[in-house]
Amino acid sequence: MSDCLFCKIISGEIPSAKVYEDENVFAFRDIAPQAPTHILVVPREHIESVADLNADNSALAARCLEAAAVIARQEGLRGGFRVVSNCGDDAGQTVKHLHFHILGGERLGDRMA
Ligand code: AMP
Ligand code: ZN
């Protein structure tokens with residue numbers, strides 16, 4: 001997708017603070033962190049959101065979560081962490097390329113919404 005911010009970050013057209021990459025997945029630090037550790041994990045392939053997952057592409061979401069486990073260890077999030085994926089306008093999704101937020105590095109709030 002030529003006008004997608006995260007596709008441009010994956011291609012390197014827009015710089016990012018990369019923390020992990022493999023064949024299917026790219027991960028980088030959120031530009032406006034909401035916790036001491038705030039990382040975005042995205043599939044290289046453009047999928048709009050969780051609402052667009054299906055039997056043909058859901059393996060890529062699984063790859064993202066496997067990467068999240070590796071990244072959490074890499075970042076030393078031994079006390080735990082939260083994984084969030086905002087889906088659509090009611091959830092406040094601002095970038096329409098599937099992404100999983102990894103939030104950690106402190107005791108997170110009890111409320112999720
Ligand atoms: P969401 O609101 O769930 O769609 O999350 C989008 C996230 O992308 C927000 O947390 C933003 O802070 C983050 N973001 C926007 N632009 C950039 C950028 N250039 N580099 C890193 N993170 C970004
Ligand atoms: Zn994209």
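**Ground rules.** I'm working with a predicted model, so to speak: local features need pLDDT of at least 70, side-chain atom pairs count only at pLDDT 80 or more, and totals for chains, interfaces and linings use all residues. Residues are numbered from 1 along each chain as written, chains are lettered from A and ligands numbered from 1 in written order, and side-chain values use heavy atoms, with hydrogens and water left out.

**Around ligand 1.** I started with the neighbours, counting a residue as near if one of its heavy atoms lies within 4 Å. There are 16 residues around ligand 1, and Asp 30, Asn 86, Thr 94, His 99 and His 101 come nearest. I sorted the shell by type and got 8 nonpolar, 6 polar and 2 charged. In that sorting, Ala, Val, Leu, Ile, Met, Phe, Trp, Tyr, Cys and Pro count as nonpolar, Asp, Glu, Lys and Arg as charged, and the others, Gly among them, as polar.

Next I checked which elements supply the shell, taking helices (H or I, at least four residues) and strands (E, at least two) as DSSP runs numbered from the N terminus. Helix 1 (5-11) and strand 2 (25-29) each give at least two residues. Helix 1 gives the most, with 3.

Which side chains reach an oxygen atom of ligand 1 at 2.8 Å? I found an N or O atom in the side chain of Asn 86 at 2.8 Å from one, and a polar side-chain atom of His 101 at 2.8 Å from one. A polar backbone atom of Gly 92 is 3.2 Å from an oxygen atom of the ligand. I also noted that the protein covers 84% of the 500 Å² of accessible area that ligand 1 has on its own (Shrake-Rupley method, 1.4 Å probe).

**His 101.** I found His 101 in strand 5 (residues 100-104). Is His 101 buried or exposed? His 101 is buried, at 12% relative accessible area (buried is under 20%, exposed over 50%, partly exposed in between; 1.4 Å probe, protein chains only). Its side chain makes a polar contact with the side chain of His 38 at 2.8 Å (N or O atoms within 3.5 Å; within protein, one must be able to donate a hydrogen and the other to accept it, and residues adjacent in sequence count only if both atoms are side-chain atoms).

**Cysteines.** I searched the whole structure and got 0 disulfides (cysteine sulfur pairs within 2.5 Å). Cys 87 is partly exposed at 31%, whereas Cys 7 is buried at 16%.
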